[in-house]
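Please read the points below with the model open beside them.

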Amino acid sequence: QVQLVESGGGSVQPGGSLRLSCAASISGLGIYDMGWYRQAPGKQRGSVAVFTSDGIRNYADSVKGRFTISRDNAKNTVYLQMNSLKPEDTAVYYCMVRHAFLSEHEYWGQGTQVTVSS
């Protein structure tokens, strides 16, 4: 059974930084796309950043220039460095991994809360 364990969420003031981590219990992570999604109260879950298996990074327009996604396949871990945080970044952040060729093999973490407020 695949497990994704997220960490690094918390509360921070506007302008602050947080780093999220997601460790996956999957072997051969190099053939998986990895990403972060978020869901704010009353809103649908949406993509924040995705790091594809072939090395492409895609970001939501709202986080470009502030967030950076990275991955360490040797450690089966994906990271999200979040800088210059804004109150509108407040949400539950979810880690996702999806097989690059078998999209039905998609797994989600339990979510970690990020709160940005003064």
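**Notes on the model**

1. Both D89 and R38 are buried, where buried means under 20% relative accessible area, exposed over 50%, and partly exposed in between (1.4 Å probe, protein chains only). The two residues form a salt bridge, with the closest N and O atoms 3.0 Å apart. A salt bridge here is a side-chain nitrogen of Lys or Arg within 4 Å of a carboxyl oxygen of Asp or Glu. D89 lies in the loop between strand 8 (77-82) and strand 9, and R38 in strand 4 (residues 32-39), so the pair ties together parts that are 51 residues apart in sequence. Strands (E, at least two residues) are DSSP runs, numbered from the N terminus.

2. On sources: this is a predicted model, in which local features need pLDDT of at least 70 and side-chain atom pairs count only at pLDDT 80 or more, while totals for chains, interfaces and linings use all residues. Residues are numbered from 1 along each chain as its sequence is written, and side-chain values use heavy atoms, with hydrogens and water left out.

3. How many salt bridges does the structure hold? There are 4. Among them, D61 pairs with K64 at 3.1 Å, N to O; D61 is exposed, its relative accessible area being 65%. Salt bridges that share partners join R38, R66 and D89 into one network. Another salt bridge links the side chains of R98 and E106, at 3.2 Å from N to O. E106 counts as partly exposed, at 33% relative accessibility.

4. E6, in strand 1 (residues 4-7), deserves a separate look. E6 is buried yet has no salt bridge, and the nearest side chain of opposite charge, R45, is 7.8 Å away. For charge, Lys and Arg count as positive and Asp and Glu as negative; His and the chain ends are not counted.

5. What does the side chain of E6 reach at 3.3 Å? It is the backbone nitrogen of Q110. A polar atom of the E6 side chain also lies 2.4 Å from the backbone nitrogen of G111. Leaving aside residues up to four places away in sequence, E6 touches (heavy atoms within 4.5 Å) S21, C22, W36, Y93, Y94, C95, G109, Q110, G111 and T112.

6. Most residues other than glycine have a negative phi. N76, which is not a glycine, has a positive phi of about 55°; N76 lies in the loop between strand 7 (67-72) and strand 8. S84 also has a positive phi, near 50°. S84 is in the loop between strand 8 and strand 9 and is partly exposed at 40% relative accessibility.

7. F101 sits in the loop between strand 9 (91-99) and strand 10 (106-108) and counts as exposed, at 69% relative accessibility.

8. N58 belongs to strand 6 (residues 57-59) and is partly exposed, with a relative accessible area of 42%. Apart from residues up to four places away in sequence, N58 touches V48, A49, V50 and T52.

How values were computed
Helix = DSSP H or I, 4+ residues; strand = E, 2+ residues; numbered from the N terminus. Polar contact = N/O pair within 3.5 Å; in protein donor to acceptor, adjacent residues only side chain to side chain.
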